[in-house]
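Here is a short briefing to read alongside the structure. Take it one topic at a time and follow along in the 3D view.

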Amino acid sequence: MKKYKFKIKGLDCVNCANELEGELQKIDIIDKVSISFMMERLVFECLIENKEEAIDRIKKVIKKEEPDVVIEEV
Amino acid sequence: MDNKMKKRLIRIIISFLIVIISFFIEFNNNLYNNILFFIAYIIIGYDIVLKAIRNISRGHVFDENFLMTIATIGAILIGELPEGVAVMLFYQVGELFQSYAVDRSRKSVASLMDIRPDYANVYRNKEISKVDPDDVSVGEIILVKPGEKIPLDGTVIEGESMINTLALTGESIPKHVTKGENVLSGCINNDGTLKIRVDKEFEESTVSKILDLVENASSRKSRSENFISKFAKYYTPIVVIIAVVLAIVPPFIIDGALFKDWVYRALSFLVVSCPCALVISIPLSFFGGIGAASRIGVLVKGSNYLEALANTEIIVCDKTGTLTEGVFKVQKVDAIDYPDEDLLKYAAYCECFSNHPIAISLREAYNKNIDESLVTKTKEISGKGVLSIVDKRKVLVGNKKLMDKYKIDFKESSEVGTVIYVAIDKKFVGSIVIADKIKDDSYKAVKLFKKNNVERIIMLTGDLENISKDVANKLNLDEYYAELLPQDKVSLVEKFIRQKSSNGKLVFIGDGINDAPVLALADIGIAMGGLGSDAAIEASDVVIMTDEVSKLASCIEISKKTMRIVKENIIFAISVKILVLILSALGIASMWAAVFADVGVSVLAILNALRILVVKK
């Protein structure tokens, strides 16, 4: 397991951030997902070989839930 | 203000002007007024309506955009066009203010933690090149000019300077560094130019560790934050359901009740049903609290810990290095026949070849050059002391056993600590007391703990009973336990945890050395002097960057202030919302009042939250 950190921009409010966090927690290949609205930060853990797939699936969920939100790795 | 906010502001102004015009200019035909209002509505609300439509297709019924759209379009449909526009307008003003406030507090916390170095000047191929600190590897030589941040942890190999550690420790007095000393990334080089050999990669450097810690702090959520998000989860659906019932039921069962009136009341419900304004101020408060703590050099690893600190009931501290300085110093010189200075001189000369901690503290106390050629013979007597010939005189420096061995008639000292006896040419000339000194800061800390209602302050130590008792009495501690083995500390802390009240928290504070089990066991484990000690940063929940215990007291104060503000905001926001709901159900509060209440509450709650960032100096 490795920890990945992303900048997450375009969230409107804390509630939206919490809801999105809840949706992301449903992705089975990632663990310990957390979104900090104040720091505009998305952190999760996954196996190194799953990284690309994890990012793909996260982006899909984001596209469905919050189309205005963009993420970029830091 | 960023572009997004500017655009919103422009839309608010234009729409507001149109509303004013259509209010005050009477056109012959009412239709013109309505068209103007409609244009104003489109300008101010188009994005909300579009988002609402998009969200319905995804099944997000209780989304705030959707709620605002229904409320305003509903108002327009029942013929309250101006109200529909006004509500949307105020809503946008509130949103603008909210994003402005959040942006501001993000920036002010970021500036508190403005320690990230942008570049490093590294020597490569006999030239200096400016590179990303990430690209510098261990062993390379970097140059730090006056005014620059030290980008990576390393050792000074050339030059000397005063460095400013304010951003790391909250300590405003600059520190002098010179060749051979370690420097930490994130400090600012004040005057001289330093050549530094890099000891750690950027990822492993202090500055990265600290930033990582602070940036992730708000992901560990506190109970209050969880409460408010749970509240929001139930609040919105309940209010919306009541709104639907309100619109449909009363017109059927109350005689003469107008359908239009009750729909209007129901729409006011929708205006206050959005939880966002309520939810924002809570994490904002914790964010501010963590920011304020980091400004005084205390890193709190999560909102949950900041919340817990407010309920500190028991503080368990380590002695050596935490309450005391952890270094042995000459506390008292008691000379007979000779001046104190001479006694110290003979003792220092006698021990000039020894590396025993006692010898070191004697030489430090003497603090003058030692002419080693005067010491012609020196012999260590194991477990007792040293015998040397200094300036042709036979000097004995050691404990009681040494005096007994050489049958010297001496006066036993009653001082607490390690007592060193000195004899010259077989004659007792005095004693020197060496002890670990209590930090001046510890006295202040204990007073502040008491002031903040900490019930028990307990000291645990492996040191001797009489020394520990002396420290505990001087500091006025509630309890102390001496001569402990590491495993005794664990079982004692377990016992204290069982003794405390259910809401109270046990805080353990130590210098982080050999404390990992206790740090983990305590509700809040705090490591001090965290700079440079990775293990301590790793194992603890809160890191105090300096070695001052009183910082913990300041942090408890910040925590209490944060919790007070959080409670104020929760109570204030929920009660205003409920009041408005009741008033609009009774038809007393108009939709105007509802939107004012909604926006007003969030503005006041945010302003209240921002108070935390104001730290008393």
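In this predicted model, helix 1 of chain B has three residues to look for on its buried side: B:Ser15, B:Val19 and B:Ser22. Looking down the axis of helix 1 of chain B, you would find its buried residues within an arc of 65°, so they line one face of the helix.

**More on helix 1 of chain B**
- The other side of helix 1 of chain B is where B:Asn3, B:Lys6, B:Ile10, B:Ile13, B:Leu17, B:Ile20 and B:Phe24 are exposed.
- Helix 1 of chain B covers residues 3–24, which makes 22 residues.
- From its first C-alpha to its last, helix 1 of chain B reaches 32 Å, close to the 32 Å expected at 1.5 Å a residue.

**Two packed helices**
- Helix 8 (residues 259–272) and helix 21 (residues 591–610) of chain B pack with their axes 9 Å apart, at an angle of about 10°.
- Because angles under 35 degrees count as roughly parallel, helix 8 of chain B is roughly parallel to helix 21 of chain B.
- Helix 8 of chain B brings B:Leu267, B:Ser268, B:Val271 and B:Val272 to the contact, and helix 21 of chain B brings B:Met591, B:Ala594, B:Val595, B:Ala597 and B:Asp598.
- By class, this contact has 7 nonpolar, 1 polar and 1 charged residues.

**Where the chains meet**
- Chain B has 15 residues in contact with 12 residues of chain A.
- On the side of chain B that touches chain A, helix 6 (206–217), helix 7 (223–253) and helix 9 (276–295) of chain B each supply at least two residues.
- Helix 9 of chain B gives the most to that side, with 6 residues.
- The residues on that side of chain B divide into 8 nonpolar, 4 polar and 3 charged.

Technical notes
Residues are numbered from 1 along each chain as its sequence is written. Chains are lettered from A and ligands numbered from 1 in the order in which they are written. This is a predicted model: local features need pLDDT of at least 70, side-chain atom pairs count only at pLDDT 80 or more; totals for chains, interfaces and linings use all residues. Two residues are in contact if their C-beta atoms, placed from the backbone, lie within 7 Å. Helices (H or I, at least four residues) and strands (E, at least two) are DSSP runs, numbered from the N terminus. Ala, Val, Leu, Ile, Met, Phe, Trp, Tyr, Cys and Pro count as nonpolar, Asp, Glu, Lys and Arg as charged, and the others, Gly among them, as polar. The expected span of a helix is 1.5 Å times one less than its number of residues. A residue is buried if 20 or more other C-beta atoms lie within 10 Å of its own, exposed if 12 or fewer, and partly exposed in between; C-beta atoms are placed from the backbone. The arc is that of the directions from the helix axis to the C-beta atoms. Axes are lines fitted to C-alpha atoms, for helices over the stretch in contact, and angles run from 0 to 180 degrees between N-to-C directions. Angles under 35 degrees count as roughly parallel, over 145 as roughly antiparallel, 65 to 115 as roughly perpendicular and the rest as oblique.
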